[in-house]
Amino acid sequence: MREDVTFVELLQRDLRQVRWPEPAEIRATARRRRRRTAVAAAAAVLAVASVSAVAVGRAGTPTPAPPGAGVGGRAEIPAEAMLAQADVPAKTDERLGDTGLGEGVRVDDILRTCAQEQGLPTDQIVSRYSRSQTLIGTVEVDGFAPYRRPFIRQDVYRLDDGTAGRLFADLDRSVAACSGWRQVGPVQTGEGSPVTTTMVHNWTVVESDFAGDQAILLRHTVAVPLDPSTGEPVGLAPLPEDRLVVRVGDLVTVLVPGEPLRPGVPGNTVNQAQLLDLARAAANRMCAAANPAC
């Protein structure tokens, strides 16, 4: 990056790299997911009722619940297990949420793609129950019109026995295998047509074991791409992307900060210590709902 980059150029770079969907799109996705969840729940109820009726008709007593169902008496994930607006180091005034059954655990889709290319097992771990939320607020920067942005996205998953440990082990293997992963694709220069170039990805576990039973701060960085014909940098350096993954008992949460929470973005900055505090707050919220409880 050249030394005379102005504040306005930096701000424009930050805003160009925002990839969050608009609130209307989030609501539409939530409505579609709720319909799928309702259908799955109805099917599950009918299946349980049918099995119970057959069992009673044949043996006179219902069959026992399958192993792992309702472990510790806690199944669904209550809203109280999620981060509250007061936990977030930025002002939010809108909360979009949803619940689900049988959802795959998503941490980093790009890392998963890399792991697949490296030949690692990438069968997605499927949760028993899940709850998601997005906290949204207004960003105000001097000289610019206020705009709406999600500040944090949180997914909480309830997993079967043993799969939570497997999730962290899979992440460790993927991070080790994907150091220096090269991906060819178009990059927008800001001056015309995009340039096809190679982007070099790296993932690093910046911190670990700072909250709950297991926790990592996963950072994804991309080196400044170079124009293959001139060898000159294309555009500005992409911003690092952080993800927090925290386990408490059989609950795992994935926290993805929105662009306004990133270090160096005017108006709503956050540092690494605040990210770790956010993870600890999430762990505390999950304690009462986990199996076993804290």
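Figure 1. Strands are counted as paired if DSSP finds at least two bridges between them, while helices (H or I, at least four residues) and strands (E, at least two) are DSSP runs numbered from the N terminus. This is a predicted model, in which local features need pLDDT of at least 70 and side-chain atom pairs count only at pLDDT 80 or more, whereas totals for chains, interfaces and linings use all residues. Residues are numbered from 1 along each chain as its sequence is written, and side-chain values use heavy atoms, with hydrogens and water left out. E5 is also joined by seven bridges to strand E6 (residues 214–222), the two running antiparallel, and His201 stands opposite Val222 in E6. The hairpin of E5 and E6 has five residues between the strands, and in this hairpin Asp209 takes a positive phi near 55 degrees.

**Figure 2. Strand E1 and its partner E2.** Strand E1 (residues 94–101) has a covered face made up of Glu94, Leu96, Asp98 and Gly100, and an uncovered face with Arg95, Gly97, Thr99 and Leu101. E1 pairs with strand E2 (residues 129–139) in the antiparallel sense over eight bridges, and Glu94 stands opposite Ile136 in E2. Glu94 also belongs to a network of salt bridges that links it with Asp93 and Arg148, a salt bridge being a side-chain nitrogen of Lys or Arg within 4 Å of a carboxyl oxygen of Asp or Glu.

**Figure 3. The disulfide of Cys114 and Cys178.** A search of the whole structure finds two disulfides, each defined as a pair of cysteine sulfur atoms within 2.5 Å. One of them joins Cys114 to Cys178, with an S to S distance of 2.1 Å. This pair links distant parts of the chain, 64 residues apart, with Cys114 in helix H3 (residues 109–117) and Cys178 in the loop between helix H4 (163–177) and strand E4 (181–187). The torsion about the S-S bond of Cys114 and Cys178 is about -120 degrees, so the disulfide is left-handed. Cys114 is buried at a relative accessible area of 0%, and Cys178 is likewise buried at 0%, where buried means under 20% relative accessible area, exposed over 50%, and partly exposed in between (1.4 Å probe, protein chains only).

**Figure 4. The disulfide of Cys287 and Cys294.** A disulfide with an S to S distance of 2.1 Å joins Cys287 to Cys294, and its S-S torsion is about -75 degrees, so this disulfide is left-handed. Cys287 is buried, with a relative accessible area of 18%, whereas Cys294 counts as exposed at 68% relative accessibility. When the bonded cysteines of the protein chain are numbered in sequence order, the pairing is 1-2, 3-4.

**Figure 5. The nonpolar cores.** A nonpolar core is taken as a set of buried Ala, Val, Leu, Ile, Met, Phe, Trp, Tyr and Cys residues joined through side-chain atoms within 4.5 Å. The largest such core has 32 residues, and those with the most contacts inside it are Phe210, Ala211, Leu244, Val246 and Leu251. At least two residues of this core come from each of E2, strand E3 (147–158), E6, strand E7 (241–248), strand E8 (251–257) and helix H5 (272–287), and H5 gives the most, with nine residues. Ala211 touches Val246, Ala279, Arg280 and Ala283, not counting residues up to four places away in sequence, where contact means heavy atoms within 4.5 Å.

Figure 6. Asp108 forms one with Arg243, their closest N and O atoms being 3.8 Å apart; because Asp108 lies in the loop between E1 and H3 and Arg243 in strand E7, the pair ties together parts that are 135 residues apart in sequence. Asp108 counts as buried at 7% relative accessibility, and Arg243 counts as buried at 13%. Arg219 forms a salt bridge with Asp242, with the closest N and O atoms 2.7 Å apart, and since Arg219 lies in strand E6 and Asp242 in strand E7, this pair ties together parts that are 23 residues apart in sequence. In helix H4, Arg166 and Asp170 lie four residues apart, about one turn of the helix, and their side chains meet in a salt bridge (3.3 Å, N to O).
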